Protein chains: 2
Amino acid sequence: MTAPVLALDIGGTKLAAALVDPHGHVERHTRRATGGSGDAEALYDDVVSLLDDVRDGVDIVGVGVGCGGPMRWPVGEVSPLNIPAWADGFPLRERLTAVYPGCPVRLHNDAVCVAVGEHWRGAGRGLSDVLGMVVSTGVGGGLVLGGRLVDGATGNAGHIGHVVVEPDGPDCACGGRGCLESIASGPAVAGWAVDRGWRSPGATAQDLAEDARAGDAVALAALARAGSALGIGIASAVALCDVEIVVVGGGVAQAGAVLFSPLEAAYRRHTKLGFARSVSVVPAALGQQAGLVGAAALIHAGDRYWSAD
Amino acid sequence: MTAPVLALDIGGTKLAAALVDPHGHVERHTRRATGGSGDAEALYDDVVSLLDDVRDGVDIVGVGVGCGGPMRWPVGEVSPLNIPAWADGFPLRERLTAVYPGCPVRLHNDAVCVAVGEHWRGAGRGLSDVLGMVVSTGVGGGLVLGGRLVDGATGNAGHIGHVVVEPDGPDCACGGRGCLESIASGPAVAGWAVDRGWRSPGATAQDLAEDARAGDAVALAALARAGSALGIGIASAVALCDVEIVVVGGGVAQAGAVLFSPLEAAYRRHTKLGFARSVSVVPAALGQQAGLVGAAALIHAGDRYWSAD
């Protein structure tokens, strides 16, 4: 029995870690808040302490990490948009390699890890060509083509959040215009509804989905707009990459039919070529563990998911 | 010295064949009209007779074919949109295999062959991640990622002509709406200009480019619209696939600055992420021979460009 991977998922609001065995089973899953001190070393200390707690002396075969982008890859110097403490760039892979001598440490974009997790042990299992997406605070993704993770020239393949779905659409956080993320991310969806009079204590995308299911017209329109944008972006990606399935995860994607029905309608309206018509768009199977499972697969199934060094 | 490949390029208006050596040099390049009899066997006889003329008894290592899509791949049953004689499907690869016993016969989409040719011996040579495009009667392309041709699940990867660039845009020949091809193909560009009063004896995209260079306002606007659509489609593809270079060939792409300047402007407006900003969009280097060179590469460099059987 091969030892587990120590897997880590670093997001803007939470750090998560677990031991993940070669079957993709998650053990000792632990989370804590990312913390807001803004100090790079303090955040790193939190990460190492979380990893120590989860590992607890168990033998491991490596450390797999998913982290918000952008990053220099494969060197693993991260500068996540939503983690101010590391905004100037933090050499995460190098630092962790020093903590775990003799162990491979592999790191990729967190949305790429979700796509990998869903391909390895989730909704895309056994297929060769899969687009995995995360619709959450941002919109990201990863591509598995011919059974292998596509890294792209700089490790940034899979950025479906910056596919253009409305050329004269909203300004995007990236500086561009009309990107999928500028319409379909959680904050974009909720913000659009608030601007049109929707009120809710938290004003999150989750609240919005609840109100939509209860029949709120503005909430329904907001999710219809996001779903339509997702359908257009997915149609473009499928035409270009000829995948068999598109797996959509992340908090916003948990809205269910109020999002997926307009998504499907827009996808069908823009997808008429035979090879693309047979593609299904399905919800992710692994839920919030997908990123950890995918981070572990960078080690456990490195032949398919790790092409660097 | 390895023997040449007998290469064949089948389009709606012309058949082209040549011998292509392992360096990509093209010899005995011969063309003839595709012919309009509408008879499947008559067209096939023309193809075989052209191949016989070009081969002229020379030893070959295989036969490489580019053909208009769609097709069932890798079995190679073609049903090109613009070749009525084969509209119901013609088993081209199987038939040619019977004519050349003992020789591999490999076949791919004609735009994929252009992309392969430009990667193997053209503007993308030596790079790992390349999008090659053809902007002509249609808009097509092919993807080389990690140094290898991406086929996709059904051999249809690279269909950038059906990336959505204007969600409420024109109806597309594919049945969808606002596809890049519906705006930037030669007939679409010329048709848009004719609808706005542009007059020219042939009314081809080449005539349009000449008039644009001479300052005709409608011709300039038509190519600006097409260039902008291309820039948006390319921005989406680069975000998703993280290529290093985009190579644009085909007759429309020969328009030069009147097309490439608005293309570049739209690409820059929609491309702000660091990894994508450094991507260049360049004209193809091999001209009209790119498809034949790429078809030959399916054999000469099959380790990179041929993943089937």
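Predicted model: local features only at pLDDT ≥ 70, side-chain atom pairs only at ≥ 80, totals over all residues.
In chain A, strands E2(A) and E3 (residues 26–33) run antiparallel and are joined by 6 bridges.

## A run of strands in chain A

Let's stay with E2(A) and E3(A) for a moment. Leu15(A) stands opposite Arg32(A) in E3(A). The hairpin of these two strands has 5 residues between them, and there Gly24(A) takes a positive phi near 90°.

On its other pairing, E2(A) meets strand E1 (residues 5–10) of chain A, again antiparallel and with 6 bridges. Here the hairpin from E1(A) to E2(A) passes through 3 residues.

Is strand E2 (residues 14–20) of chain A mostly covered or mostly uncovered? It is mostly covered, with 6 of its 7 residues buried.

## Two sheets in chain B

Now move to chain B. One open sheet has 5 strands in the order E3-E2-E1-E4-E7, with mixed pairing. Its edge strands are E3 (26–33) and E7 (105–109) of chain B, each of which pairs on one side only. From one strand to the next, the twist averages 15°. Within this sheet, E1 (residues 5–10) and E2 (residues 14–20) of chain B run antiparallel, joined by 6 bridges. Ile10(B) has Leu15(B) in E2(B) as its bridge partner.

A second open sheet of chain B also has mixed pairing, and its 5 strands follow the order E10-E9-E8-E11-E12. Strands E10 (148–149) and E12 (280–283) of chain B stand at the edges with a single partner strand each, so one side of each has no neighbour in the sheet. E10(B) pairs with strand E9 (residues 139–145) of chain B in the antiparallel sense over 2 bridges, and Leu145(B) stands opposite Arg148(B) in E10(B).

| Helix | Strands touched (chain B) | Angle between directions |
|---|---|---|
| H3(B) (residues 110–121) | E8 (130–135), E9, E10, E11 (245–249) | about 45° with E9(B) |
| H1(B) (residues 40–55) | E1, E2, E3 | about 30° with E2(B) |
| H3(B) | E1, E4 (62–67), E7 | about 100° with E7(B) |

## Where the chains meet

How many residues of chain A are in contact with chain B? There are 43, and they meet 43 residues of chain B. Helices H7 (217–241), H8 (257–270) and H9 (274–277) of chain A each give two or more residues to this side. The largest share, 7 residues, comes from H7(A). By type, the residues on this side of chain A divide into 20 nonpolar, 15 polar and 8 charged.

Finally, how do the two copies relate? A rotation of 180° with 0.0 Å of shift along its axis superposes chain A on chain B, with an RMSD of 0.0 Å. The two copies are therefore related as by a two-fold rotation axis. The same surface serves both copies, as 100% of the contact residues of chain A recur in chain B.

Definitions and conventions:
Residues numbered from 1 in each chain as written. Chains lettered and ligands numbered in written order. Contact = placed C-beta atoms within 7 Å. Helix = DSSP H or I, 4+ residues; strand = E, 2+ residues; numbered from the N terminus. Nonpolar A, V, L, I, M, F, W, Y, C, P; charged D, E, K, R; others polar. Least-squares fit on C-alpha atoms with pLDDT ≥ 70 in both. Buried ≥ 20, exposed ≤ 12 C-beta atoms within 10 Å, placed from the backbone. Pairing = 2+ DSSP bridges. Axes fitted to C-alpha atoms, helices over the stretch in contact; angles between N-to-C directions.
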